[in-house]
Amino acid sequence: MSVCLKRQALHETASSSLPVLFIMVPSCLVLPSCQKHVGCGEVLRVESQTDSTSTPCGSSVTPDFWDMALSEDRVSSWSCKQVAQWLQEEGFGEYVELLCTQHRLDGLSLLALTEADLRGPPLGLTVLGDIKRLTISLRRLQRQNQAQLEELGLRPTDSLHAGLSLGNEWSCDGADRRYNGGERACNGTELRLRNGDRSGYSSGGTLCHTHSNGRCRQHLAGRLDPEVWKTVISSFYVFFVFGFTSFVMVIVHERVPDTRTYPPLPDIFLDSVPRIPWAFAMAEACGVILCYMFLLILLLHKHRSILFRRLCSLMGTVFLLRCCTMFVTSLSVPGQHLKCASKTYGDTFGKIQRALAIWSGFGMTLTGVQTCGDYMFSGHTVVITMLNFFVTEYTPRTWNLIHTISWVLNLFGIFFILAAHEHYSIDVFIAFYITTRLFLYYHTLANTRAYQHSRRARIWFPMFSFFECNVNGPVPNQYHWPFNKPAFMKTLIG
């Protein structure tokens, strides 16, 4: 749009003898102070004076005002100062310092601003009325500059219209969907933020509406709340389960069958493969390496709180099930090399002391802990397999080397457990099956919001519903350095 300026001297009149500025507007022009449209070919007469009563809307004309008026047709070229002027005109002067001074918001970033940006960090606006009013003003500004949005590669669903569009189309993951009566649905399985792939996603995150049992909830799909307090609860849960498991192992040790009466059960693998004395130590070494790999991923992952919460909830649940199985059924010792006999610890205090020793040593022979009777099913297989699945799930699919190393450690760890004749084959098989199925079922439910908020999930999986109710779809594999120093690590990782 071109704007022609013409200065013309007027004859002296009773009102003024000052020169008058004529603005010839060949197409529609929106003034920010009053949103008044000046039609094509009309002449807007504004006297260049200091009297504030002769301006189009009764406000004083300043150089900043004219700078904005002349660049109104190109909002993307606004400076921070012009954005501040626009905020003042819209009645949001209190946010000028935050938006324009602290975060250097210019016209280009103003067009891309979303309600999710206003609510989330680093802005973190908390006054709901201001958020909604500013959202409406931004929406109006975007409607007036749709051509610029298209030039910048921004669509209504890419910017402010993410979940708030007033039209007849609803978009999630780049696919348009009809909604009726304001009920908009967004399936979490379509959120493709997995493995760092952000194609088809809005810069501010999509606002999805979930309707379950007559209630409507809003979730920002691009924003994941770490909910540290839930992670703390899951940590207490897994520590309690580990302590309870240690106590059950002490009770099971008292009931271990006598090898003279109940010899080892027939087992095809144990009967075919000779025992390797150092194999169990190697199995635990594989578990330690996998643990260090997961801790490194946990340190660098952007959503480390969610990862650790899921690990604790899954590990605690599997070991709680293990407490039931090994307490209900006592299997005979799998090998004659195991010097296991029924052992009584006397009073309850002695049992608690033994349980604390097992708990503090993580139940590992590398720390000097020797247990008997806890065969159904293998706790070592559970830990190794769970760590392997977390390493492969929360790293990009292109990290083939990491995935290969993780799976090799998992499989070799299982082999070494059997080669050491510390567990029956069925112990290891059941442990692997239960761990993998529970991991896959949990993540399938977590990635599918239709099940995540269903009444059935709340009844049958109350802990899952509690931990995952605010996690919208798959967790993206994004990484960043959590510390300020060294600077090169923050630049390298993000």
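## Helix packing

In this predicted model, helix 13 (residues 379-393) packs against helix 14 (residues 400-419) at an angle of about 170°, and their axes lie 9 Å apart. Angles over 145 degrees count as roughly antiparallel, and helix 13 and helix 14 are therefore roughly antiparallel to each other.

Helix 13 contributes residues including His-380, Ile-384, Asn-388 and Phe-389 to the contact, and helix 14 contributes residues including His-403, Trp-407, Asn-410 and Ile-414. The residues of this contact comprise eight nonpolar, nine polar and no charged.

## Aromatic pairs

The whole structure holds 18 aromatic pairs. In one of them, the ring centres of Phe-269 and Phe-415 are 6.3 Å apart with the planes at 90°, so the pair is edge-to-face. Phe-269 belongs to helix 9 (residues 268-272) and Phe-415 to helix 14, so the pair ties together parts 146 residues apart in sequence. Phe-269 is partly exposed, at 23% relative accessibility, and Phe-415 is partly exposed at 36%.

Phe-390 and Phe-439 also form an edge-to-face pair, 5.2 Å centre to centre with 75° between the planes. Phe-390 in helix 13 and Phe-439 in helix 15 (residues 425-447) are 49 residues apart. Phe-390 is buried at 0% relative accessible area, and Phe-439 is buried at 2% relative accessibility. One aromatic cluster consists of Phe-294, Phe-389, Phe-390, Tyr-394, Trp-407 and Phe-439.

## Charges over rings

The charged end of Lys-230 is placed over the ring of Phe-466, 5.0 Å from its centre. Arg-255 lies over the face of Phe-327, 5.2 Å from the ring centre.

Definitions and conventions
Residues are numbered from 1 along each chain as its sequence is written. This is a predicted model: local features need pLDDT of at least 70, side-chain atom pairs count only at pLDDT 80 or more; totals for chains, interfaces and linings use all residues. Side-chain values use heavy atoms; hydrogens and water are left out. Axes are lines fitted to C-alpha atoms, for helices over the stretch in contact, and angles run from 0 to 180 degrees between N-to-C directions. Helices (H or I, at least four residues) and strands (E, at least two) are DSSP runs, numbered from the N terminus. Angles under 35 degrees count as roughly parallel, over 145 as roughly antiparallel, 65 to 115 as roughly perpendicular and the rest as oblique. Contact means heavy atoms within 4.5 Å. Ala, Val, Leu, Ile, Met, Phe, Trp, Tyr, Cys and Pro count as nonpolar, Asp, Glu, Lys and Arg as charged, and the others, Gly among them, as polar. Rings of Phe, Tyr and Trp (its six-membered ring) pair if their centres lie within 6.5 Å; planes under 30 degrees apart count as stacked, over 60 as edge-to-face and the rest as tilted. Buried means under 20% relative accessible area, exposed over 50%, partly exposed in between (1.4 Å probe, protein chains only). A charge sits over a ring if NZ of Lys or CZ of Arg is within 6 Å of the ring centre and within 35 degrees of the ring normal.
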